[in-house]
Amino acid sequence: MERRQFLRGTGAAIGGSLVAGCVGGGSESGTVTVDYAYYNPVSLVLREKGWLGEAFADTGTDVEWVLSLGSNQANEYAQSGEADVSSTAGIAALMARTNGVPITTPYVYSEPEWTALVTFEETGIESVADLEGKRVAATRGTDPYFFLLQALGDAGLSEDDVEVVNLQHPEGQSALVRGDVDAWAGLDPHMAELELEHDGAELFFREPRYNTYGFLNFLDGFLADRTEDATRVLEAYERGREWAIENPEETAGILADASEMSAPVAERVFTQRNDLSEPIPGEPHRELLSDLSPILEREGLVTDDADPAGNVDELIDAEFASEVV
């Protein structure tokens with residue numbers, strides 16, 4: 001089964017709106033609901049190959065796919081209980097967990113460089129400092145947004161020094177092309193498409209270490225009450241990850257078909273900007289999120305009494321997938 005839901009209301013992923021009171025037990029026991037995302041190539045492989053369905057073929061459980069256009073939407077699925085398993089960036093997962101969304105991350109689907117700051121040559125923007133007073137498209141609650149905040153901090157600026165135009169990733173790309181904004185906190189594959197297919201597009205600020213990994217998040221209730229089903233999902237992900245590593249050209253082709261991007265764009269995204277080699281979350285992920293957690297507090301993205309750094313260990317589970325990987 002497949003449901004395409006293009007959720008709006010991206011503000012639901014920021015501030016105090018991701019709060020306790022979410023559905024914590026997962027979807028009905030006869031269904032496992034998993035998201036797929038253009039920024040998660042392994043999810044596209046699993047959906048294309050039907051391997052997740054195969055993993056549940058002997059159980060009578062249906063697999064339902066929902067499309068996430070960004071970490072904010074994936075967190076909305078988790079908040080509402082619409083998805084048992086969802087794909088976000090690491091910092092977005094920490095934000096959700098801190099705000100009461102009952103998710104745990106036992107698996108890393110990618111170490112990507114999937115975001116950078118993008119403009120066109122004619123804007124005259126050459127550095128982050130040039131963004132002062134400018135309009136910048138970004139999807140709040142996602143890795144590109146947090147990337148923008150870190151970049152601004154490096155330049156001695158803050159969000160108050162720019163006008164952030166809150167648009168979903170594809171809409172941010174379109175706004176930049178139209179000239180409605182001066183820059184865009186981009187996300188692949190849309191960013192690579194702009195870079196390769198539009199003259200004058202420039203990735204004027206890149207910093208791989210500001211990308212916070214691809215986290216595969218499970219509802220706590222799903223992990224606790226349907227442990228065998230959760231294990232089947234991870235086994236399917238491992239099958240997809242290993243196949244993707246061994247078949248990069250075919251994986252890029254699946255990405256191109258699913259996202260309706262060109263083959264060169266998909267190839268750049270998958271072969272140059274995704275590392276699938278380390279699927280178990282561990283100390284590097286904890287350290288990165290701990291270092292970034294003050295941003296969540298400073299920007300008011302968590303509730304006033306929240307403790308993002310204290311939620312890092314609550315979020316990351318390095319043991320659950322160890323027998324699968």
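**View 1. Two domains of a predicted model.** The domain assignment, automatic or from a database, gives domain 1 (33-112 + 212-323) and domain 2 (115-210). Their centres, taken over C-alpha atoms, are separated by 24 Å. This is a predicted model, where local features need pLDDT of at least 70 and side-chain atom pairs count only at pLDDT 80 or more, while totals for chains, interfaces and linings use all residues. Residues are numbered from 1 along each chain as its sequence is written, and side-chain values use heavy atoms, leaving out hydrogens and water.

**View 2. The interface between the domains.** About 2100 Å² is buried between domain 1 and domain 2, and carbon and sulfur atoms give 62% of that area (the accessible area, with a 1.4 Å probe, that two parts lose on being put together, summed over both). On the domain 1 side, Met261, Val265 and Arg273 supply 25% of the area buried against domain 2, more than any other three residues.

**View 3. A salt bridge at Arg273.** Here aspartate 188 pairs with arginine 273 in a salt bridge, with the closest N and O atoms 3.1 Å apart (the rule asks for a side-chain nitrogen of Lys or Arg within 4 Å of a carboxyl oxygen of Asp or Glu). Across the interface of domain 1 and domain 2, the rule finds 3 salt bridges.

View 4. Asparagine 211 sits in the loop between β10 (201-205) and β11 (214-219), strands being DSSP runs of E, at least two residues, numbered from the N terminus. Leaving aside neighbours within four places in sequence, its contacts (heavy atoms within 4.5 Å) include Trp114, Phe147 and Leu288.

Technical notes:
Helix = DSSP H or I, 4+ residues; strand = E, 2+ residues; numbered from the N terminus.
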